Amino acid sequence: PSDDRPEKMHGWLIVIMVQLLLGGVYSVFWNIKYDDGSHNGWIFLANALNCLIYAFGCFYTVDAFIKRKDKSVFWAKCLMTYFLFNAFVIICRGEYPYMWIETVYNSLFYLVLGIAGLVYLCRSKQVRRLFPPEKQKPSKKEWTVLSICIAIPFCFFVAAVIDSMFPKEED
């Protein structure tokens, strides 16, 4: 008798899902403790939205993998790209200048996770078998959702930059 059960996910694909789950949880808790010292409400809103959108994306993508949804690999690649982008932001921003070792460590950590995740998702036979590439092509809807998820926090970051250019007079 043939076994009609779907192939189980294993190995590095499970590691990617755990990475996304931990990244989503970390993102929420990091935002709760975040304070850049400037007391700029725009930057706080930008970070809060960025972290919440990222966390939701992580949880949604893991759920999509478990349920074998068509666009799960697309969303996972977007999140891995976010890891890479985050590493470059940390490097360019000089996050926590008084903690340069931690800044370098965080940057390298995100770079390694992002590159390893992207390479795995693009090259894995298991991923191609479980999630055929022809079903992974993003539609206009996915591109629109992704654009909105990027644009909203970006607008708040721009507002923060503009707001910081005009110092407030203290009473």
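**A pocket and a helix pair in the predicted model**

The second largest pocket has a volume of about 190 Å³. The structure examined here is a predicted model. The lining of this second largest pocket is formed by V73, F74, K77, C78, L121, C122, V127, R128, F131, P133, Q136 and P138. Helices α3 (72–93), α4 (100–123) and α5 (125–130) are the elements that each give two or more residues to this lining. Of these, α3 provides the largest share, with four residues.

A helix pair was examined next. Helix α2 (residues 41–66) and helix α6 (residues 140–165) have axes that come within 8 Å and cross at roughly 165 degrees. Because angles over 145 degrees count as roughly antiparallel, α2 and α6 are therefore roughly antiparallel to each other. The crossing of these two helices is left-handed. On the α2 side, the contact is made by W42, I43, L45, A46, N47, L49, N50 and I53. On the α6 side, C149, I152, P153, F156, F157, A159, A160 and D163 take part. Classified by residue type, the contact of α2 with α6 has 13 nonpolar, two polar and one charged residues.

Key:
Residues numbered from 1 in each chain as written. Predicted model: local features only at pLDDT ≥ 70, side-chain atom pairs only at ≥ 80, totals over all residues. Heavy atoms only, no water. Axes fitted to C-alpha atoms, helices over the stretch in contact; angles between N-to-C directions. Parallel < 35°, antiparallel > 145°, perpendicular 65-115°, else oblique. Left-handed = near helix turned anticlockwise from the far one by under 90°. Contact = heavy atoms within 4.5 Å. Nonpolar A, V, L, I, M, F, W, Y, C, P; charged D, E, K, R; others polar. 1 Å grid on protein atoms, 1.4 Å probe; cavity = no way out; pocket = protein on both sides within 12 Å on 5 of 7 lines; lining within 4 Å. Points joined across faces, edges and corners; volume = space filled by probe spheres on them.
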